[in-house]
Amino acid sequence: MRGLEHDQWNSLETLVNMSQNQMLGATSVRAEPERSDGSVAIVAHAERGDLDVKTRYVLHPDRPHALRIETRATRLPAN
(Lines give C-alpha, C1' and ligand atoms only; values in the text may rest on other atoms or scores of the structure.)
Protein backbone atom coordinates (compact mmCIF):
# COMPACT_ATOMS: atom_id res chain seq x y z
CA MET A 1 0.00 0.00 0.00
CA ARG A 2 1.48 3.33 -1.04
CA GLY A 3 0.85 6.54 0.82
CA LEU A 4 -0.09 9.85 -0.68
CA GLU A 5 2.57 12.50 -1.29
CA HIS A 6 1.09 14.75 1.39
CA ASP A 7 0.71 12.03 4.03
CA GLN A 8 2.11 12.87 7.43
CA TRP A 9 1.78 11.68 11.00
CA ASN A 10 1.36 14.26 13.74
CA SER A 11 0.95 12.45 17.03
CA LEU A 12 0.37 9.10 18.68
CA GLU A 13 -0.98 10.56 21.90
CA THR A 14 -3.85 8.62 23.41
CA LEU A 15 -6.58 10.99 24.62
CA VAL A 16 -8.71 10.22 27.66
CA ASN A 17 -12.34 11.16 27.02
CA MET A 18 -11.14 12.95 23.83
CA SER A 19 -9.62 15.70 26.01
CA GLN A 20 -6.29 17.21 25.01
CA ASN A 21 -5.77 18.03 28.69
CA GLN A 22 -5.66 14.32 29.60
CA MET A 23 -3.13 12.74 27.26
CA LEU A 24 -1.55 9.47 28.36
CA GLY A 25 1.55 9.57 26.16
CA ALA A 26 2.57 6.50 24.22
CA THR A 27 5.01 4.20 26.03
CA SER A 28 5.53 2.02 22.95
CA VAL A 29 4.66 2.10 19.26
CA ARG A 30 4.79 -0.77 16.78
CA ALA A 31 3.93 -1.25 13.13
CA GLU A 32 1.87 -4.25 12.07
CA PRO A 33 2.77 -5.99 8.80
CA GLU A 34 0.40 -5.76 5.87
CA ARG A 35 -2.57 -8.11 6.26
CA SER A 36 -4.12 -10.29 3.56
CA ASP A 37 -6.81 -7.62 2.98
CA GLY A 38 -4.10 -5.04 2.25
CA SER A 39 -4.59 -3.05 5.45
CA VAL A 40 -1.67 -1.77 7.51
CA ALA A 41 -1.65 -0.47 11.07
CA ILE A 42 0.33 1.27 13.77
CA VAL A 43 -0.41 0.37 17.38
CA ALA A 44 0.36 2.79 20.23
CA HIS A 45 0.38 1.53 23.82
CA ALA A 46 0.01 3.72 26.90
CA GLU A 47 -0.18 2.84 30.56
CA ARG A 48 -0.81 5.05 33.56
CA GLY A 49 -1.69 3.83 37.02
CA ASP A 50 -4.30 1.10 36.65
CA LEU A 51 -5.25 1.98 33.07
CA ASP A 52 -3.84 0.15 30.04
CA VAL A 53 -4.74 1.62 26.63
CA LYS A 54 -3.96 0.28 23.16
CA THR A 55 -4.87 2.39 20.15
CA ARG A 56 -4.68 0.93 16.66
CA TYR A 57 -4.54 3.25 13.63
CA VAL A 58 -5.55 1.37 10.46
CA LEU A 59 -5.40 2.26 6.76
CA HIS A 60 -7.14 0.12 4.16
CA PRO A 61 -6.55 0.36 0.39
CA ASP A 62 -10.32 0.40 -0.32
CA ARG A 63 -10.64 3.65 1.70
CA PRO A 64 -7.24 5.38 1.42
CA HIS A 65 -8.51 8.72 2.76
CA ALA A 66 -10.05 7.22 5.92
CA LEU A 67 -8.09 6.42 9.06
CA ARG A 68 -9.83 3.90 11.33
CA ILE A 69 -8.96 4.31 15.00
CA GLU A 70 -9.65 1.45 17.39
CA THR A 71 -9.05 2.01 21.11
CA ARG A 72 -9.17 -0.63 23.82
CA ALA A 73 -8.91 0.47 27.44
CA THR A 74 -8.46 -2.08 30.21
CA ARG A 75 -8.58 -1.45 33.93
CA LEU A 76 -5.64 -3.29 35.53
CA PRO A 77 -5.95 -5.01 38.91
CA ALA A 78 -4.97 -2.81 41.84
CA ASN A 79 -1.59 -3.56 43.41
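Asp50 counts as partly exposed at 34% relative accessibility (buried is under 20% relative accessible area, exposed is over 50%, and partly exposed is in between, with a 1.4 Å probe and protein chains only). Asp50 also forms a salt bridge with Arg75, with 2.9 Å between the closest N and O atoms (a salt bridge is a side-chain nitrogen of Lys or Arg within 4 Å of a carboxyl oxygen of Asp or Glu). Since Asp50 sits in the loop between strand 4 and strand 5 and Arg75 in strand 6, the pair ties together parts that are 25 residues apart in sequence.

A word on ground rules: this is a predicted model, where local features need pLDDT of at least 70 and side-chain atom pairs count only at pLDDT 80 or more, while totals for chains, interfaces and linings use all residues. Residues are numbered from 1 along each chain as its sequence is written, and side-chain values use heavy atoms, with hydrogens and water left out.

**The overall picture**

- The protein has 6 strands and 0 helices, so the pattern along the sequence reads β-β-β-β-β-β (helices, H or I with at least four residues, and strands, E with at least two, are DSSP runs numbered from the N terminus).
- Of the 79 residues in the protein, 27% are buried.
- The protein exposes about 6,300 Å², and carbon and sulfur atoms supply 47% of that (Shrake-Rupley method, 1.4 Å probe).
- Among contacts with a separation of 6 or more, 25% are between residues 24 or more positions apart (contact means heavy atoms within 4.5 Å).

- An open sheet is formed by 4 strands in the order 3-4-5-6, with antiparallel pairing (two strands pair if DSSP finds at least two bridges between them).
- Strand 3 and strand 6 (63-75) are the edges, each pairing on one side only.
- From one strand to the next, the twist averages 15° (axes are lines fitted to C-alpha atoms, and angles run from 0 to 180 degrees between N-to-C directions).
- Strand 6 is hardly covered, with a count of 0 buried residues among its 13.

**Strand by strand**

- Strand 3 (residues 28-32) and strand 4 (residues 40-48) run antiparallel over 5 bridges, and Glu32 has Ala41 as its bridge partner in strand 4.
- Strand 4 and strand 5 (residues 51-60) are joined by 9 antiparallel bridges, with Ala44 standing opposite Thr55.
- The hairpin of strand 4 and strand 5 has 2 residues between the strands, and Gly49 takes a positive phi near 60° there.
- Strand 5 and strand 6 are antiparallel too, joined by 10 bridges, and they form a hairpin with 2 residues between them.
- Thr55 has Thr71 as its bridge partner in strand 6.

**Salt bridges**

- The structure holds 7 salt bridges.
- One of them joins the side chains of Glu32 and Arg56 (2.9 Å, N to O); Glu32 lies in strand 3 and Arg56 in strand 5, so this pair ties together parts that are 24 residues apart in sequence.
- Both ends of that pair are buried: Glu32 is at 15% relative accessibility, and Arg56 is at 13%.
- Arg68 and Glu70 form another, with their closest N and O atoms 2.8 Å apart.
- Arg68 is partly exposed, with a relative accessible area of 45%, and Glu70 is partly exposed at 32%.
- A network of salt bridges links Arg30, Glu32, Arg35, Arg56, Arg68 and Glu70.

**Two residues worth a click**

- Asp52 is in strand 5 and counts as buried at 10% relative accessibility.
- The side chain of Asp52 makes a polar contact with the side chain of His45 at 2.5 Å (a polar contact is a pair of N or O atoms within 3.5 Å; within protein, one must be able to donate a hydrogen and the other to accept it, and residues adjacent in sequence count only if both atoms are side-chain atoms).
- Setting aside neighbours within four places in sequence, the contacts of Asp52 include His45, Ala46, Arg72 and Leu76.
- Ser28 belongs to strand 3 and is partly exposed, with a relative accessible area of 37%.
- With neighbours within four places in sequence left aside, Ser28 is in contact with Val43, Ala44 and His45.
- The C-alpha atoms of Ser28 and Lys54 are separated by 9.7 Å, and the two residues are 26 residues apart along the chain.
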